[in-house]
Amino acid sequence: MKSLKVILLSCTIAASVFGAGAASPDVKYVDGAELTLINKTIDTPRRYARIDTLKYDGFTDYQRKELVQQSAGLALCFKTDSKGVRVKPVYQMHKPAGNQTGINTEGFDLYIKKNDRWLYAGSHVVRGGKDYVQLVDDMAPGEKECLLYLPNFSIVDTVYVGVDADSKIEPMPNPFRHKVVVFGSSFTHGTCCSRPGMSYPLQLERETGIQFCNLGMSGNSRLQQSYARVLADTETDAFLFDSFSNPLAPEIAEKFDSFLATIRAKHPTTPIIFMQTIYRENRNFDTKKDRVEAEKMAMAEKKVAEAMKTDKNIYWLVPTTGGTNDTSVDGIHPNDYGHTNWMNSLRRPLLEILAKYNIK
């Protein structure tokens, strides 16, 4: 019996060293706090949160405890000559969803620069009893510039990046120019994208070389003063607002002027580019949804047109995800193709506006 206990103890020790989730002796991990973090709208005590709710009030419990703590749009930048890249995350909260992939809500999305373009390298989510994910392996020798997008809907406490033990890894400067803050709805947040790097702001970022900071607040972008105060305190070169997708027409009529006034009090001449909400495919046959969406869109256009009469630094863009041509996952949220269409429909007119302010 004593020998059996010894055998069991030996097996337990072996499992802790070599079992699922154990770090390979050929891999070393670096804390993401030692790497460059980009796409932050405003400084926060928690590295991977998006708003400091101790500094700003007016948020609901859900917004304060979950929504603004999610790491949507944030990315780590680093250089490495490793053949592979792993990620070992420590979550405070996982956030699965029935209409989304696990990679989008909880996983990581890696891009690597090649011939001056950011190319997809790998994406994954922790599963199967492991505590890490292998995003890419067996790469050719040489230094790589890496862009690692964090989960869209989970709360991350710590991120460790794993590379070959004999390789180097170091932070690199932010590869993107300027700063444009994008505030909006679940569309901007990246709901129903297949992976974290596919929302239209992040596609714009990679395609233009301009930094787009994602402040998408899924289901909660309703022209509230709480968010307006945060945006007013943000240092930015321009604002891009998907601010008419969540509120109904009466809310837009009631809240728009005060929302804009709060931001303009601290950003009197910063360009503010408002976007019309996109066409939702669930209105194709539902007459009530069609009427509500039409009223919302008409009110948004009316209010922005009024503001443009007295403010030369306000602009209006109408993006498209492809109309009624099967670009949504659930009748509301665009898939990756829809987000690519959105990005392409924005890119030229948006760059023309930004160029007026030497943002290029």
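Q: Which residues touch the most other members of the largest nonpolar core?
A: In this predicted model, the largest nonpolar core has 31 residues. Those that touch the most other members are Ile-51, Leu-231, Phe-241 and Phe-274.

Q: Which element gives the most residues to this core?
A: Two or more residues come from each of β11 (177-184), β12 (210-216), α6 (225-232), β13 (238-242), α7 (249-264), β14 (272-275), α8 (287-308) and β15 (314-317). With 5 residues, the element that gives the most is α7.

Q: How many residues are in the other core that lies apart from it?
A: Among the members of this other core are Val-30, Val-85, Leu-148 and Val-156. Its number of residues is 26.

Q: Which residues is Phe-274 in contact with, leaving aside neighbours within four places in sequence?
A: Phe-274 is one of the residues that touch the most other members of the largest core. Its contacts, with those neighbours left aside, are Phe-241, Ser-243, Phe-244, Phe-256, Leu-260, Val-304, Ile-314, Tyr-315, Trp-316 and Leu-317.

Q: Which backbone oxygen does the side chain of Thr-36 reach?
A: Thr-36 is found in strand β2 (residues 36-38). Beyond four places in sequence, Thr-36 touches Arg-47, Ala-75, Leu-76, Cys-77, Pro-171, Met-172 and Asn-174. At 2.6 Å, its side chain reaches the backbone oxygen of Met-172.

Q: How many nonpolar, polar and charged residues are in the lining of the largest cavity?
A: The structure holds 1 cavity of 30 Å³ or more, and the largest cavity has a volume of about 30 Å³. Its lining consists of Ile-278, Tyr-279, Arg-280, Glu-281, Thr-321, Thr-327, Ser-328, Ile-332, His-333 and Pro-334. By class, these are 4 nonpolar, 4 polar and 2 charged residues.

Notes:
Residues numbered from 1 in each chain as written. Predicted model: local features only at pLDDT ≥ 70, side-chain atom pairs only at ≥ 80, totals over all residues. Heavy atoms only, no water. 1 Å grid on protein atoms, 1.4 Å probe; cavity = no way out; pocket = protein on both sides within 12 Å on 5 of 7 lines; lining within 4 Å. Points joined across faces, edges and corners; volume = space filled by probe spheres on them. Nonpolar A, V, L, I, M, F, W, Y, C, P; charged D, E, K, R; others polar. Helix = DSSP H or I, 4+ residues; strand = E, 2+ residues; numbered from the N terminus. Polar contact = N/O pair within 3.5 Å; in protein donor to acceptor, adjacent residues only side chain to side chain. Contact = heavy atoms within 4.5 Å. Core = buried A, V, L, I, M, F, W, Y, C linked by side-chain atoms within 4.5 Å. Buried < 20%, exposed > 50% of the residue type's maximum accessible area, 1.4 Å probe, protein only.
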